[in-house]
Amino acid sequence: MKILFAASECAPFIKTGGLADVVGALPKALVQKGVDARVILPKYSAIPEQYRAGMKRVAEGALLFGIETVPYAIDSYELSGVTFYFVDCPDYFDVHAIYGDGLAEGFRFAFFSRAVIECLEEIGFVPDILHLNDWQTGLVPALLKTQYQQDTKRRQIRTVYSIHNLRYQGIFDWDRLNTRLGLDGHLFTPDYIEFYGMLSCMKAGIVFADRISTVSPNYAEEIRTPYYGEQLDGVLNRRADVLSGILNGIDTESYDPANDPAIAKHFDVRRRRKKADCKKALQNEMHLPERPEVPVISMITRLTSQKGLDLLECVLEDMLRMDIQMVFLGSGEQHYVDIIEEARRKHPDRVACYIGFNEPLSRRIYAGSDLFLMPSQFEPCGLSQLISLRYGTIPIVRETGGLKDSIHAYNQYTDEGNGFSFANYNAHEMLYCTEQAVKWFYDDKPMWDRLTVRALKCDFGWSASADKYIDLYRGLIGR
Ligand code: ADP
């Protein structure tokens with residue numbers, strides 16, 4: 001079985017969020033199960049030199065993009081048994097930030113989508129299935145199904161389209177983007193890829209892919225409702241027979257408290273007392289008083305409303321009435337940056353923050369915290385709560401999307417559960433839930449130790465989910 005993943009980001013080469021973690025880890029898990037899974041990405045200028053230096057040129061070509069013929073090259077790089085291909089075309093991928101520059105972003109990923117389809121023979125890998133991810137590659141199924149049906153090889157390729165976050169849809173002016181794509185005008189209708197007068201790359205993926213998957217079973221249900229459907233619930237319901245949800249895993253080799261080079265002391269279930277050393281190191285690094293007895297509650301997140309930051313805004317002062325320390329790592333909307341920085345100014349002995357993206361620091365925070373707060377408004381899967389558990393840090397989550405699939409609230413009567421949770425998107429529910437968690441932390445050390453052991457023993461590796469993807473692929477190609 002030959003699978004080619006196409007995505008806009010992939011750890012460790014380039015990462016802005018959970019998509020990169022998934023594309024970095026799932027192909028590796030598939031390869032370990034005997035699937036020939038490979039990955040294709042844009043070769044951004046931001047990819048670190050340590051990887052660029054090890055890339056080999058494997059193909060060169062040119063493609064027609066609008067009225068222009070654009071030359072490109074393909075480089076490859078091997079890592080953990082997986083072949084990664086990089087589409088090299090500085091005109092589109094020499095960028096300061098990979099997202100957020102309007103129509104240029106549309107052209108960037110339209111070009112990438114075209115290149116993914118065009119380069120297959122040159123790289124000598126025509127897959128059985130192209131596995132596309134999020135809007136940046138949503139045009140691939142649409143192009144394949146409309147412009148490549150006379151091509152004997154490409155006509156055979158099946159597509160799986162994974163939705164990692166339905167909110168980001170890649171919406172562009174049809175006329176301007178289509179000058180480069182040449183799609184037939186009849187596609188610009190509500191049944192196909194028109195979305196309120198614009199072209200939607202997300203909708204293109206949903207309408208044309210052979211199978212659609214999302215990153216948790218619960219989110220697969222939620223997005224068929226108006227509340228979570230981002231105005232695409234109608235088309236998702238129309239395609240419900242090919243829509244499924246498979247929970248993401250994490251790369252347990254990379255996120256491993258027993259081996260992680262970024263953290264102060266290594267620990268596992270047996271050596272779990274060493275987690276206290278990581279907490280002490282974190283308090284020092286973040287200039288918080290070194291107080292082992294106080295619970296450290298952390299958030300590592302993109303600073304957007306999706307992540308429940310407006311709830312935090314409502315009750316942050318109430319939370320800080322408890323004897324706790326809070327550590328924030330994030331980047332994003334200035335409004336939330338201001339709130340966090342203001343809290344740090346007012347409570348320098350309780351609040352610490354790092355505004356920006358810092359992968360090694362994120363690991364030290366996961367390792368050194370007691371609780372991890374993730375009160376998302378919606379959460380397709382969420383990886384941070386899984387990474388927290390892996391480092392013995394107990395999540396507090398809102399029961400939505402993948403958070404609901406992965407975190408089970410502590411039940412004091414049966415002594416079951418791996419975290420704390422609340423149901424409604426309500427600041428006072430979040431506050432109450434956090435207060436309860438803090439109370440358990442202070443009042444019942446044996447219970448907390450059992451909870452920590454359970455967290456450290458949770459298995460959120462990719463193996464089980466990789467099997468589910470293999471079943472999905474088998475169902476699609478009939479073998
Ligand atoms: P999303 O993909 O919606 O941002 P996820 O929970 O699925 O959320 O994945 C977020 C990933 O990005 C996790 O690996 C998390 O540790 C990481 N991350 C988020 N913000 C930062 C940051 N500021 N610095 C370092 N890592 C971050």
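Two strands are taken as paired if DSSP finds at least two bridges between them, and helices (H or I, at least four residues) and strands (E, at least two) are DSSP runs numbered from the N terminus. The model shown is predicted, so that local features need pLDDT of at least 70 and side-chain atom pairs count only at pLDDT 80 or more, while totals for chains, interfaces and linings use all residues. Residues are numbered from 1 along each chain as its sequence is written, and side-chain values use heavy atoms, with hydrogens and water left out.

**View A. The open sheet of 3 strands has the order β8-β10-β9.** Pairing in this sheet is antiparallel, and 2 bridges join β8 to β10 (residues 198-200). The edge strands, β8 (171-172) and β9 (194-195), each pair on one side only. Within the sheet, phenylalanine 172 stands opposite leucine 199 in β10.

**View B. Helix α9 (residues 201-208) lies across β8, β9 and β10.** The helix runs at about 55° to β10, where axes are lines fitted to C-alpha atoms, for helices over the stretch in contact (heavy atoms within 4.5 Å), and angles run from 0 to 180 degrees between N-to-C directions.

**View C. Cysteine 119 is in no disulfide.** A disulfide is a pair of cysteine sulfur atoms within 2.5 Å, and a search of the whole structure finds 0 of them. For cysteine 119, the nearest cysteine sulfur, that of cysteine 89, is 13 Å away. Cysteine 119, at 0% relative accessibility, counts as buried (under 20% relative accessible area, with exposed over 50% and partly exposed in between, using a 1.4 Å probe and protein chains only).

**View D. Cysteine 201 counts as buried, at 3% relative accessibility.** The closest cysteine sulfur to that of cysteine 201 belongs to cysteine 89 and lies 18 Å from it, too far for a bond.
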